[in-house]
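This report describes a helix pairing, a chain contact and a domain arrangement. The sequence and structure are shown below.

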Amino acid sequence: MSAVVTARSLEKTYEAGDVTVPALRGVDFEINAGAFVAFVGPSGSGKSTLLNMIGGLDKPSAGTLTVLDTDIAGLDRRAAADFRGANLGFIFQDFNLIPVLSAYENIEYPLLMVQDWPADKRRARVTELLAAVGMGDQAGKRPDQLSGGQKQRVAVARALATNARLVLADEPTANLDHDTAYRILELMKKMRDDFGTTFIFSTHDPKIMGEAEVVFSLEDGRLVNSGGKHA
Amino acid sequence: MLKILKLAVRNLTRYWRRTLLTAGLIILGVVAVLLFVSVSGSFKGLIVGQITDSMLGHVQVHRKGYVASIDNLPLNLNMKPGAVARVEQALKDMGDVVAWSPRLKFGAMFSNFTETTSIRLNGVLPKREAAAMPMLPGRLLQGGGNGLVERGKLLIPEILAKGMKINIGDTVVLVATNLDGSVNGKTFTVQGVLGDVTGPGGRDGYLHLDDARELLRLTEAEVSEIAVRLKGLDQLPSAKAQLARALAEIRNPQGQPALEVHGWDQLSPFANIARMIDLLDLFIRVMLVSIVLIAVMNVMMMAVYERIREIGAISAIGTPPRRILGLFLAEGLLLGLVGTAIGTALSLGIIYALNLWPVHFSFGRQQDLVLVPTIATADVLLIGVIVLLVAVTASLQPAWKAARMDPITALRHV
């Protein structure tokens with residue numbers, strides 16, 4: 001199976017005045033295509049920093065990071081935006097749906113504003129995804145008319161809209177109750193199965209991390225469990 | 001572009017009240033400017049029209065030094081027939097000239113046999129004067145008859161007629177000092193009474209040019225001034241310059257130019273009022289720009305600040321920075337567009353209503369002037385373009401800030 005993400009001796013430090021704060025300290029890992037991966041650890045362990053770097057939103061201070069055969073750290077701001085638009089999907093803890101758009105339009109947004117899909121293809125893709133995430137009958141509702149779980153379903157559909165090969169989800173269940181959280185993770189797994197997309201998510205919830213097939217545990221910026229597998 | 005505009009419309013509906021308030025400010029500004037430009041322009045046009053079409057003409061030609069001492073109406077600074085002929089030839093050669101009228105201006109004693117007062121008079125050729133001053137016959141409050149003024153007859157200003165209780169057909173006497181210092185008198189019949197208008201010449205009397213020459217015992221066909229009517233006020237600068245160039249060849253014995261050319265604006269004090277109106281016009285346009293700039297910039301800065309996390313999210317999922325820039329610029333543009341469209345429609349409606357129910361007003365001694373405001377398409381377009389440009393410019397800084405926002409920082413924003 002080919003590697004979707006490869007990190008070698010990955011380091012990230014932040015400067016806070018005269019103090020240098022290490023966020024990641026020499027992290028090595030490899031994630032294969034189609035994997036359902038969790039980065040787990042307490043707050044401040046470096047999970048979000050790692051996801052941000054995989055997503056081309058942040059750059060490593062040292063080491064190499066290859067995402068979908070691209071040296072992601074070598075991309076400038078515009079190229080990184082293009083790369084994200086073409087290959088990645090994002091799911092956020094706070095959903096971050098556009099409040100003035102309906103569920104349908106939120107899923108359509110990346111097809112319209114990022115990838116310029118023609119109208120008929122957009123319609124077919126959005127309809128397919130709405131059905132896939134079980135939101136076909138809620139298409140016209142705006143985010144403020146949806147529950148937290150429904151919003152996250154829409155966010156999952158939006159992340160997959162552009163046929164992203166890799167979806168990054170930073171604490172996607174943190175704002176959901178446990179039942180809803182499990183259902184969202186089940187949905188993400190189903191999407192992985194249906195569309196072959198690789199999912200990487202972060203969580204600090206021990207119950208949720210059990211849903212992942214591959215788990216990387218982080219503590220103080222170090223990997224303490226490299227790719228432990230769950231049944 | 002269309003998809004950005006559609007999304008911009010949706011974004012503007014997030015806070016209806018704020019959008020309406022901002023658009024309302026722009027509408028108010030546009031209405032204020034268009035109405036001011038329309039009303040002030042019409043007022044200016046009305047008064048300038050009165051001045052140029054009934055008294056001064058657009059341009060006047062005098063012998064050099066005459067205007068400087070025009071209060072004395074000096075006969076020794078009249079133009080000689082040779083100079084007059086050359087001026088008339090130059091005027092014939094000019095395409096922008098519609099008509100011109102030679103005048104002999106002088107002061108005289110005016111008597112109705114019981115009272116005597118002074119009067120300023122214009123000796124004119126009636127047909128030429130009526131052609132050059134088309135609104136002059138309209139100033140006749142009483143009388144009239146065959147032509148503007150017949151031989152042996154006199155048009156007198158209203159103030160004199162009222163003050164001395166003179167009626168049409170009354171006989172009056174004019175006594176004038178001649179060039180050699182002698183005095184000559186002649187009786188005239190009052191043919192008409194002229195309404196006063198504001199400005200120099202607004203209370204002058206009129207008589208036939210030949211009568212004026214007889215009264216002044218002039219042996220030559222000399223004139224004090226030639227008043228010229230152009231096709232329009234717009235031609236004034238070029239026509240004046242062209243005429244000045246043509247007349248520059250006429251020299252006095254000292255080798256200096258013998259004649260001088262003045263536009264109406266150099267002869268009437270109303271030109272200063274007109275300049276003040278233009279200044280106010282500019283000032284109110286600057287106010288409009290300020291209103292639009294502050295209103296749009298304020299609302300766009302707020303929009304960016306309130307949507308920082310959203311900007312972070314759309315940036316993270318790959319929206320190109322140019323599209324984020326375009327989105328916020330489009331919101332500013334739409335605010336300007338809505339404000340301009342509604343403001344212009346309202347203004348045109350009010351201007352139309354003012355044409356249906358005109359405003360009557362007085363200016364100086366002129367009573368019952370009718371204000372019929374109009375506005376040029378060019379002015380409407382110019383103001384619309386200014387508002388749109390300012391709205392987009394005001395959105396530029398917030399839009400640029402949004403487009404350059406770091407997604408991680410934006411997503412962490414609380």
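In this predicted model, helix H11 (residues 321-356) of chain B packs against helix H12 (residues 377-403) of chain B at an angle of about 150 degrees, and the two axes are 8 Å apart. H11(B) is therefore roughly antiparallel to H12(B), since angles over 145 degrees count as such. The crossing in which H11(B) passes H12(B) is right-handed. The residues of this contact of H11(B) with H12(B) comprise 20 nonpolar, 7 polar and 1 charged.

H11 of chain B also takes part in the contact between the chains. There, 17 residues of chain B are in contact with 19 residues of chain A. On the chain B side, two or more residues each come from helix H1 (2-12), helix H10 (308-316), H11 and helix H13 (407-412) of chain B. H10(B) gives the most to this side, with 4 residues. By residue class, the side of chain B that touches chain A divides into 7 nonpolar, 4 polar and 6 charged residues.

The composition of the two contacts is set out in the table.

| H11(B) with H12(B) | 20 residues | 7 residues | 1 residue |

For chain B, the domain assignment gives domain 1 (2-50 + 272-412) and domain 2 (59-231). The C-alpha centres of domain 1 of chain B and domain 2 of chain B are 52 Å apart.

Note on methods. Residues numbered from 1 in each chain as written. Chains lettered and ligands numbered in written order. Predicted model: local features only at pLDDT ≥ 70, side-chain atom pairs only at ≥ 80, totals over all residues. Axes fitted to C-alpha atoms, helices over the stretch in contact; angles between N-to-C directions. Parallel < 35°, antiparallel > 145°, perpendicular 65-115°, else oblique. Left-handed = near helix turned anticlockwise from the far one by under 90°. Nonpolar A, V, L, I, M, F, W, Y, C, P; charged D, E, K, R; others polar. Contact = placed C-beta atoms within 7 Å. Domains from an automatic or database assignment.
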